Amino acid sequence: MQAAIALWRTNGFAATTVADICRAAGVSKALFYFYFPRKEDALLEAGFVSTREARHRWRELVEGPYELAEVIAAVLEALERTMLRNPPELLVETVLEGHRAEVRALSEGRSDEHHETRYLLLGLLRRARSDGKLPASLDVLQVARGAQSLLEAGTRHWATGEYEGRGFAEVVTRDITAFVEGHAAHPELTM
């Protein structure tokens with residue numbers, strides 16, 4: 001993964017071949033394909049690894065008293081720190097490949113196993129609901145899907161410079177928090 005990420009950062013995703021990755025990592029193509037059916041699957045794994053810090057951050061913060069909006073902000077700040085290490089094109093490609101993977105999982109009937117890795121805030125929203133921070137009747141999977149859409153759109157817009165100097169976390173936290181709070185105020189609308 002480290003070799004692939006380093007190559008993607010310097011050469012770009014499209015220009016980097018599986019052979020390039022294997023050569024840089026000192027492994028055979030057979031070993032690569034043992035773990036990843038396609039180069040795009042390695043990119044998805046890299047994307048999941050890059051969200052590890054953000055996922056760890058929310059788990060840490062909910063161990064004591066917390067405000068959901070503050071935890072969302074901390075998660076997105078951790079994610080932004082990770083995103084800053086990557087070129088914009090790689091961020092956009094990761095978002096697009098995430099969409100493709102979701103379509104594949106849904107068409108193969110694997111939606112349940114895909115949810116936990118696909119929706120960054122799903123675990124946090126489930127925890128917040130169980131802690132009474134969100135209504136018990138709130139469809140947190142539906143809210144997590146919407147939040148993920150805002151996160152991915154925010155990533156694309158931020159990566160292409162559309163936020164004019166404002167930070168990713170600053171803009172996307174506001175959007176996601178408003179979205180979650182709106183659904184929490186009207187949980188009957190998500191049913």
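## Largest pocket

Helix α4 (39-50) gives the largest share of the lining of the largest pocket, nine residues. The model is predicted: local features need pLDDT of at least 70, side-chain atom pairs count only at pLDDT 80 or more, and totals for chains, interfaces and linings use all residues. Residues are numbered from 1 along each chain as its sequence is written, and side-chain values use heavy atoms, with hydrogens and water left out. Helices are DSSP runs (H or I, at least four residues) numbered from the N terminus.

The lining of the largest pocket holds 40 residues, with Leu43, Leu44, Gly47, Phe48 and Thr94 nearest the pocket centre. Besides α4, elements that give two or more residues are α1 (2-11), α5 (52-61), α6 (68-83), α7 (88-107), α8 (111-118) and α10. A pocket here is an open set of points on a 1 Å grid over the protein atoms alone, where a 1.4 Å probe fits, with protein on both sides within 12 Å along at least five of seven lines; lining residues have an atom within 4 Å of a point. The volume of the largest pocket is about 980 Å³, a volume being the space filled by probe spheres set on the points. By class, the lining has 16 nonpolar, twelve polar and twelve charged residues (Ala, Val, Leu, Ile, Met, Phe, Trp, Tyr, Cys and Pro count as nonpolar, Asp, Glu, Lys and Arg as charged, and the others, Gly among them, as polar).

## Second largest pocket

The second largest pocket has a volume of about 170 Å³. Its lining consists of Met1, Ala3, Ala4, Ile21, Ala25, Val27, Leu31, Phe32, Tyr35 and Phe36. Two or more of these residues come from each of α1, α2 (18-25) and α3 (29-35), and α3 provides the largest share, three residues. The lining divides into ten nonpolar, no polar and no charged residues.

## Packing of α1 and α2

The axes of α1 and α2 come within 8 Å and cross at roughly 120° (axes are lines fitted to C-alpha atoms over the stretch in contact, and angles run from 0 to 180 degrees between N-to-C directions). The angle therefore makes α1 oblique to α2 (under 35 degrees is roughly parallel, over 145 roughly antiparallel, 65 to 115 roughly perpendicular and the rest oblique).

Ala3, Ala4, Leu7 and Trp8 of α1 contact Asp20, Ile21, Ala24 and Ala25 of α2 (heavy atoms within 4.5 Å). This contact has seven nonpolar, no polar and one charged residues.

## Packing of α9 and α10

Helix α9 (residues 122-130) packs on helix α10 (residues 140-159) at an angle of about 140°, with the axes 9 Å apart. That makes α9 oblique to α10.

Leu122, Leu125, Arg126 and Arg129 in α9 meet Val140, Leu141, Val143 and Ala144 in α10. By class, the contact has six nonpolar, no polar and two charged residues.
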